[in-house]
Amino acid sequence: MSGGLDTADARLCPATAASAQLSSTFYDTSCPRALATIKSGVTAAVSSNPRMGASLLRLHFHDCFVNGCDASVLLSGNEQNAIQNAGLLGFGVIDNIKTQVEAICKQTVSCADILTVAARDSVVALGGPSWTVPLGRRDSTTATGDTRDLPGPDSSLALLQAGFLKKNLNTVDMVALSGAHTIGQSQCLNFRTRIYGGDTNINAAFATSLKANCPQSGGDSNLAALDATTANAFDNAYYTNLLSQKGLLHSDQVLFNNATTDNTVRNFASSAAAFSSAFATAMVKMGNIEPLTGTQGQIRLSCSKVNS
């Protein structure tokens, strides 16, 4: 698929050139059953373990924010070993889906596209919105290991805004994508400081309820739901929680803390439709971060290693 842009144009505006080469119909002829195969694999994985939906969504986010959506996060070692990627799950699910897709269309569908579609299908499987995924990404041949662009649980609002803007995602996109925390869990070490007096903008009863499973020392990997209201449903409860200072992470609650983002949070809390629409828009934008297209990269035969 050519985007109709020569290399000079591509160099001037790589994001535009690359995303112009992505198309939702990319596999319609070369692998017409690809999307249905990915969807059935994701649906089966999420129905047997609802947490897997959040894991696959997080995997896509962590892929796109480091060197673009190129499946580099799926390569063994490198990025996978970075502290920001501790606790990443879902590699086996993607490997299984890749095997099924390879069986029907050999070396045609990239791991980067499989992960992008799987993130969308995970959201749908947990009751969230659907959207059309542009396709045609190719897989990287290296994993940089530089994961400093991933925002951390202690990020300030300014840091979040700057980090997302660096990826061409505006503040509304950032607030909407943070709503992915309507599903999934986080480790005690990510919110311990917040519940033991580090933050004042936390509901006291909520903080107390978290201490039983997150002691002041030890239990670093103990888990708590990011959205205690409806932990396994993709809805707008994350924002309602923020209104009552029940954001689990510091980086969650900064979105509603007498800040410029307060009105966006209020909007998403009062309108599930507004959140769904903004989330879908932001997911497409995130999936368009610096993809490899055309003859760049490769189509990996196995997602965890480059072709030999």
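Let me start with a question: does C214 count as buried or exposed? Keep in mind that what you're looking at is a predicted model. The cut-off for buried is under 20% relative accessible area. C214 has 0% relative accessibility, so it counts as buried.

Now, who is its partner? C214 forms a disulfide with C188, and the two sulfur atoms sit 2.0 Å apart. C188 is buried as well, because its relative accessible area is 0%. This link is right-handed, with 75° about the S-S bond.

Quick reminder for anyone who wants it: a disulfide is a covalent bond between the sulfur atoms of two cysteines. How many disulfides does the protein have? The count comes to 4. If you number the bonded cysteines along the chain, the pattern reads 1-4, 2-3, 5-8, 6-7.

I'll go through two others. C64 and C69 form a disulfide with their sulfur atoms 2.1 Å apart. That one is right-handed too, with 120° about the S-S bond. On the burial side, C64 comes out at a relative accessible area of 0%, so we call it buried. C69 also has 0%, and so it is buried.

Then there's C111 with C303, again a disulfide, with the sulfurs 2.1 Å apart. Which hand does this one have? The torsion about the S-S bond is about -95°, so the disulfide is left-handed. Here too the link joins distant parts of the chain: C111 is in helix α6 (residues 111-125), C303 is in the segment after α14 (272-287), and they are 192 residues apart. Both cysteines, C111 and C303, are buried.

Okay, on to empty space. Rolling a probe the size of a water molecule over the atoms shows where empty space is left. Searching the whole structure turns up 1 cavity of 30 Å³ or more. The largest cavity holds about 50 Å³ of space. What lines it? You'll find H60, T116, W131, V133, P134, R137, M283, V284, G287 and N288 around the largest cavity. Sorted by class, that lining has 5 nonpolar, 4 polar and 1 charged residues. And the element that gives the most to it is α14, with 3 residues.

Last stop is helix α13, residues 262-270. Which of its residues are buried? They are D262, T264, V265, F268 and A269. Looking down the axis of α13, those buried residues fall within an arc of 165°, so they line one face of the helix. Over on the other side of α13, N263 and S270 are exposed. What covers the buried residues of α13? The cover includes α8 (171-178), α11 (237-243) and α14.

Definitions and conventions: Residues are numbered from 1 along each chain as its sequence is written. This is a predicted model: local features need pLDDT of at least 70, side-chain atom pairs count only at pLDDT 80 or more; totals for chains, interfaces and linings use all residues. Side-chain values use heavy atoms; hydrogens and water are left out. A disulfide is a pair of cysteine sulfur atoms within 2.5 Å. Buried means under 20% relative accessible area, exposed over 50%, partly exposed in between (1.4 Å probe, protein chains only). Helices (H or I, at least four residues) and strands (E, at least two) are DSSP runs, numbered from the N terminus. On a 1 Å grid over the protein atoms alone, a cavity is a set of points where a 1.4 Å probe fits but cannot get out, and a pocket is an open set with protein on both sides within 12 Å along at least five of seven lines; lining residues have an atom within 4 Å of a point. Grid points are joined across faces, edges and corners, and a volume is the space filled by probe spheres set on the points. Ala, Val, Leu, Ile, Met, Phe, Trp, Tyr, Cys and Pro count as nonpolar, Asp, Glu, Lys and Arg as charged, and the others, Gly among them, as polar. The arc is that of the directions from the helix axis to the C-beta atoms. Contact means heavy atoms within 4.5 Å.
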